Amino acid sequence: MNAVTAPRTTAPTRLDRWSGACWIAAGVLLLLGTLHPDIFATTLAEAASRAVWVPIHVAALVAVVLTLVGLTGLYGPRADRLGRLGAVGFACAVVGLVMTACVSYAEAFLLPVVAHQHPEVFDWDGPVTTSWAVLVTTGMALLWLVGLVLLGVALWRSGVLPARAGLTLAVAAVAFSVFGGLLIPVLAPLSTLALAVGYAWVGLALWTGAQDVEGHQPAS
C-alpha cells in the first residue's frame, strides 16, 4: 500500500496569494447560502421578506466578484498548462459569474423592494418569473457552475494544483447545480458546504504554492 505523498510546493507569487485569498473569502461567504429559504415551498415575494434574504444575496454578490478576481489570477499564469478544457471552463465561468452577479444584485436590492409593494408579480406564474429575459439570464448564470466543473477537471488533469482540490471543486459544482439549484432539503446545504470546501482548498493551494506531486500532461 503506497503512502500518501504530500503535494510539493513552490514559492507563490503575489498574484497567487491575492487570488488564493479571494477564493477562500468567496468560499466563506458562500456558506451563508446554507440558510437560503425554500422558495419552491412558497413564493419569491414571501421568501424575500425574511431577514436572511438580503444578507445571503449580498454575500453571494460579493462572493461572485471575488471569484472573478480569483479565477483570473488562477487561470492567467497557467493557461498553457490548463489547455483547451481550462480555456472553455474559464470562458463559461466568467460569463456565468457576470450573469450570477446580475441575478444576485437584483435579488438582494431590487426584489425585496418591489415584492413589498407588488408581491403578485413574483408568483410562479407572474410576469417576472415567466419573463424570457429573467429565464435566459438565470440559465446563463448556470454557466458559472459548468465552468467550475470544466476548470476543476482541467486542474485535476494538469497538476498545477493538488489533484484532489480540482476534483473536489468539480464534483462540488455538479452537486451544487443539482441539489442547491432545486433547494433539496439537507442535500442543498451539504452541496453548498462542499462547494465552499472546494473553493477554500483551491484558494489554500494557491496561497501556499501547492502543486500535484505527480507529473501531468497539459489538459487538452
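Predicted model: local features only at pLDDT ≥ 70, side-chain atom pairs only at ≥ 80, totals over all residues.
Colleague: Is L190 buried, partly exposed or exposed?
Modeller: Buried means under 20% relative accessible area, and exposed means over 50%. L190 has 48% relative accessibility, so it counts as partly exposed.

Colleague: Which residues touch the most other members of the largest nonpolar core?
Modeller: In soluble globular proteins, nonpolar side chains tend to be buried together. Here the largest nonpolar core has 34 residues. Helices α1, α3, α4, α6, α7 and α8 each give two or more residues to this core. The residues that touch the most other members are W23, W144, L148, L195 and Y199.

Colleague: Leaving aside neighbours within four places in sequence, what is W23 in contact with?
Modeller: W23 is one of the core residues that touch the most other members. With those sequence neighbours set aside, its contacts are G70, L71, L74, L148, L169, Y199, A200, V202, G203 and L206.

Colleague: Which side chains meet in a salt bridge?
Modeller: Side chains of opposite charge can pair when their charged atoms come close. A search of the whole structure finds one salt bridge, at 2.8 Å from N to O. The pair links helix α1 to the loop between α3 and α4, 62 residues apart, and both partners are buried. The two residues are D16 and R78.

Definitions and conventions:
Residues numbered from 1 in each chain as written. Heavy atoms only, no water. Salt bridge = Lys/Arg side-chain N within 4 Å of Asp/Glu carboxyl O. Helix = DSSP H or I, 4+ residues; strand = E, 2+ residues; numbered from the N terminus. Buried < 20%, exposed > 50% of the residue type's maximum accessible area, 1.4 Å probe, protein only. Core = buried A, V, L, I, M, F, W, Y, C linked by side-chain atoms within 4.5 Å. Contact = heavy atoms within 4.5 Å.
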